Amino acid sequence: MTSIPDHKPTFHAGEVAVQQRLGVDDKMAHIGAQVIRDHMPQQHRDFFAQLPLVVLGALDADGQPWASILSNPPGFISTPDEVTMQINAGTLAQDPLHEALVPGAAIGLLGIELHTRRRNRMNGVIEQAGPKPHGLTVKVSQSFGNCPKYIQARTPSFVQPDTKVTTMARTASALDATTRSIIERADTFFIASAHPMAHVGATASQGVDVSHRGGKPGFVRVDDDTHLTAPDYIGNFFFNTLGNLTLNPRAGLLFIDFDNGDLLYLAVTTEIAWDAHVTAEFTGAERLLRFKLQTLTYLPAALPLRWGPSALSPYLARMADQEG
């Protein structure tokens, strides 16, 4: 999802195909037109202004989606009007999107406040970027809210950035013990996906999206050093992520170590598993996402935020641990 506003259908062909598969397309055509706006309501503008972070999705020069994160003390995000967002923060030099956030690029933004379990989305196009390393101005294409499902509540605090991150960063084509451990302990990750036309911004629904996924610790299964499996639970039926993946299997995953600020970025290709005998591997899953790792970037202690103990989402109470 993203790009310039227009009067075409709210959902693109991939999103509609998933909605049709599950018999909710007529309902969602009506709901989508009501809740997905081409501007930010005041409530959303106020919400973004109080955040210490924003999660983003965008494409690199090769068309690979990546999920990333920007942070600064609250107030670093402002909205001079209902269709413009300004972000006073920049990516680290080692971030996979460091050179990709340029004028004309499609971008998906997720504002998420973990301790209150609130989240709102804003997808659009970068109008201005820089001077590096700070500053983005984004033109709104789509603005909409999300429910609090599967968000683990945890409260952030700022710490002094670790200057060693530039020398300790590394890339790889397979998981090692450190990066595998981050995934195996995770109760949260973020996924960026893109419509095949995102690089040209054909319509408001054909761009980049970034979304949250949550579960009990260990809900993402590491099958081997290049393959992961994650359950996909019932959601809001927009199917922004699954709709993009139906048309374009490339995705970017972001895992955060909330204890020490480590960031793990994964570039993956994705297969959606729909069969009931397969989804039974994870209690409560509606389908599974199978990820094949292409490359990763690991930045230790890169995020200047730390979080206290987490409270598991009440929506996960009925979800058992993975079955195997």
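**Cavities, sheet and helix packing in a predicted model**

Four elements, β6 (118-129), β11 (208-214), β13 (227-232) and α6 (240-247), each supply at least two residues of the lining of the largest cavity. Helices (H or I, at least four residues) and strands (E, at least two) are DSSP runs, numbered from the N terminus. The model is predicted, so local features need pLDDT of at least 70 and side-chain atom pairs count only at pLDDT 80 or more, while totals for chains, interfaces and linings use all residues. Residues are numbered from 1 along each chain as its sequence is written, and side-chain values use heavy atoms, with hydrogens and water left out.

**Cavities**

- Rolling a probe the size of a water molecule over the atoms shows where empty space is left.
- A cavity is a set of points, on a 1 Å grid over the protein atoms alone, where a 1.4 Å probe fits but cannot get out; lining residues have an atom within 4 Å of a point.
- Grid points are joined across faces, edges and corners, and a volume is the space filled by probe spheres set on the points.
- Two cavities of 30 Å³ or more are counted by this rule.
- The largest cavity has a volume of about 370 Å³, and 25 residues line it.
- Of these lining residues, S211, H212, R213, G235 and N236 lie nearest the centre of the largest cavity.
- β11 gives the most to this lining, with five residues.
- The lining of the largest cavity divides into ten nonpolar, eight polar and seven charged residues. Here Ala, Val, Leu, Ile, Met, Phe, Trp, Tyr, Cys and Pro count as nonpolar, Asp, Glu, Lys and Arg as charged, and the others, Gly among them, as polar.
- The second largest cavity holds about 30 Å³ of space.
- L53, I69, I112, L114, F190, I256, F258 and W307 line the second largest cavity; these divide into eight nonpolar, no polar and no charged residues.

**The seven-stranded sheet**

- Strands of a sheet pair through backbone hydrogen bonds, either parallel or antiparallel. Two strands pair if DSSP finds at least two bridges between them.
- Seven strands make an open sheet in the order β2-β1-β5-β6-β7-β4-β3, with antiparallel pairing.
- β2 (65-71) and β3 stand at the edges with a single partner strand each, so one side of each is left without a neighbour in the sheet.
- On average, neighbouring strands of this sheet are turned by 35° against each other, direction ignored.
- Strand β3 (residues 77-81) pairs with strand β4 (residues 84-87) in the antiparallel sense over three bridges, and a hairpin of two residues joins β3 to β4.
- Within this pair, Q86 of β4 is the bridge partner of S78.
- β4 also runs antiparallel to strand β7 (residues 136-146), to which four bridges join it.

**A second hairpin**

- Strand β12 (residues 221-224) and β13 pair in the antiparallel sense over three bridges.
- Two residues lie between β12 and β13 in their hairpin, and V222 has L228 of β13 as its bridge partner.

**Helix packing**

- Axes are lines fitted to C-alpha atoms, for helices over the stretch in contact, and angles run from 0 to 180 degrees between N-to-C directions.
- Helix α1 (residues 13-21) and α6 have axes that come within 7 Å and cross at roughly 110°. That makes α1 roughly perpendicular to α6, a term for angles of 65 to 115 degrees.
- G14, E15 and V18 of α1 make the contact (heavy atoms within 4.5 Å) with N240, L242, G243, T246 and L247 of α6.
- The residues of this contact divide into three nonpolar, four polar and one charged.
- Helix α3 (residues 42-49) lies across β1 (53-59), β3, β4, β5 (106-113), β6 and β7, and runs at about 80° to β6.

**Backbone angles in loops**

- Most residues other than glycine have a negative phi.
- R117, in the loop between β5 and β6, has a positive phi near 60°.
- Y150, in the loop between β7 and β8 (156-158), has a positive phi near 70°.

Definitions and conventions
On a 1 Å grid over the protein atoms alone, a cavity is a set of points where a 1.4 Å probe fits but cannot get out, and a pocket is an open set with protein on both sides within 12 Å along at least five of seven lines; lining residues have an atom within 4 Å of a point. Angles under 35 degrees count as roughly parallel, over 145 as roughly antiparallel, 65 to 115 as roughly perpendicular and the rest as oblique.
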